[in-house]
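User: Hi! I am new to protein structures and would like to learn how to read one, feature by feature. Could you walk me through this one?

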Amino acid sequence: MFLAITGENFRQEVLDASGLVLVSFWAPWCGACRWVNPTLNQFQSQVNTPLKIVSVNADNNFSIVNTYRLTTLPTLLVFYQGQVCDRIEGFQSRDQFNQALDRVRSQILDPLSA
């Protein structure tokens, strides 16, 4: 399980973090959200760049959801030095999700580790 983020610790854990942070927005009623975390665990173990992954329960954190204008769940935002550098949303299958993670790896993570 990833660190649970709320409005109280979002700035410290995400915006003020020194490295890359992947924020997974989910909700208990979201079916696709159930398989995102195991996939993210596997992804984190396969990347060479330090990557912090945290989760936000969208139902309990409307201010964060509204700030980043989330329209669908699950949604993943990748932050670097406090700024959103990628957004993964609207995927319909695990294959699409894995393709999006591969894009993050090749376009964001790999260049930072070089």
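Analyst: Gladly! Let us start with a term: a residue is buried when its relative accessible area is under 20%, and exposed when that area is over 50%. By that rule, W35 and F97 are both buried. Keep in mind that this is a predicted model.

User: What kind of aromatic pair do W35 and F97 form?

Analyst: W35 and F97 make an edge-to-face pair, with 5.7 Å centre to centre and 70° between the planes. W35 belongs to helix α2 and F97 to helix α4, so their pair ties together parts 62 residues apart in sequence.

User: Which residues does F97 touch, leaving out those up to four places away in sequence?

Analyst: F97 is in contact with W35, V36, T39, L40, L76, I88 and F91.

User: How should I think about a nonpolar core, and which residues touch the most other members in the largest one?

Analyst: The general idea is that in soluble globular proteins, nonpolar side chains tend to be buried together. Here the largest nonpolar core has 20 residues, and L40, L51, I88 and F97 touch the most other members. At least two core residues come from each of β2 (20-26), α2 (33-46), β3 (51-57), β4 (75-80) and α4 (94-113). Helix α4 gives the largest share, six residues. Another core lies apart from this one; its 17 residues include L15, V21, I64 and L70.

User: Which residues of α4 are buried, and what covers them?

Analyst: The buried residues in α4 are F97, A100, L101, V104, I108 and L109. Their cover includes β2, α2, β3, β4 and β5 (83-89). While you are looking at α4, find R105: a kink of about 35° is centred there.

User: How do I read a salt bridge, and how many does the structure hold?

Analyst: Side chains of opposite charge can pair when their charged atoms come close. This structure holds five salt bridges. One of them joins D102 to R105, whose closest N and O atoms are 3.1 Å apart. D102 and R105 are separated by about one helical turn, because they sit three residues apart in helix α4. The general rule behind this is that an α-helix has 3.6 residues a turn, so residues three or four places apart point the same way.

User: Where in the chain are K52 and E13?

Analyst: K52 and E13 form a salt bridge too, with the closest N and O atoms 2.5 Å apart. This pair links distant parts of the chain, since K52 is in strand β3 and E13 in helix α1 (residues 10-15), 39 residues apart. K52 counts as partly exposed because its relative accessibility is 29%, while E13, at 18%, counts as buried.

User: Are D16 and R11 buried or exposed?

Analyst: Both D16 and R11 are exposed. They form a salt bridge as well, and their closest N and O atoms are 3.7 Å apart.

User: Which cysteines does the disulfide join?

Analyst: The count comes to one disulfide. It joins C30 to C33, with an S to S distance of 2.3 Å. The link of C30 and C33 is right-handed, with 85° about the S-S bond, and both of these cysteines are buried. C85 counts as partly exposed because its relative accessibility is 38%.

User: Which rings are linked into a cluster?

Analyst: Ring pairs link F10, Y68 and F79 into a cluster. F10 and Y68 are both buried.

Terms used: Residues numbered from 1 in each chain as written. Predicted model: local features only at pLDDT ≥ 70, side-chain atom pairs only at ≥ 80, totals over all residues. Heavy atoms only, no water. Core = buried A, V, L, I, M, F, W, Y, C linked by side-chain atoms within 4.5 Å. Buried < 20%, exposed > 50% of the residue type's maximum accessible area, 1.4 Å probe, protein only. Helix = DSSP H or I, 4+ residues; strand = E, 2+ residues; numbered from the N terminus. Contact = heavy atoms within 4.5 Å. Bend = angle between axes of the 7 residues up to and from the residue. Disulfide = S-S within 2.5 Å. Salt bridge = Lys/Arg side-chain N within 4 Å of Asp/Glu carboxyl O. Phe/Tyr/Trp six-rings, centres within 6.5 Å; stacked < 30°, edge-to-face > 60°.
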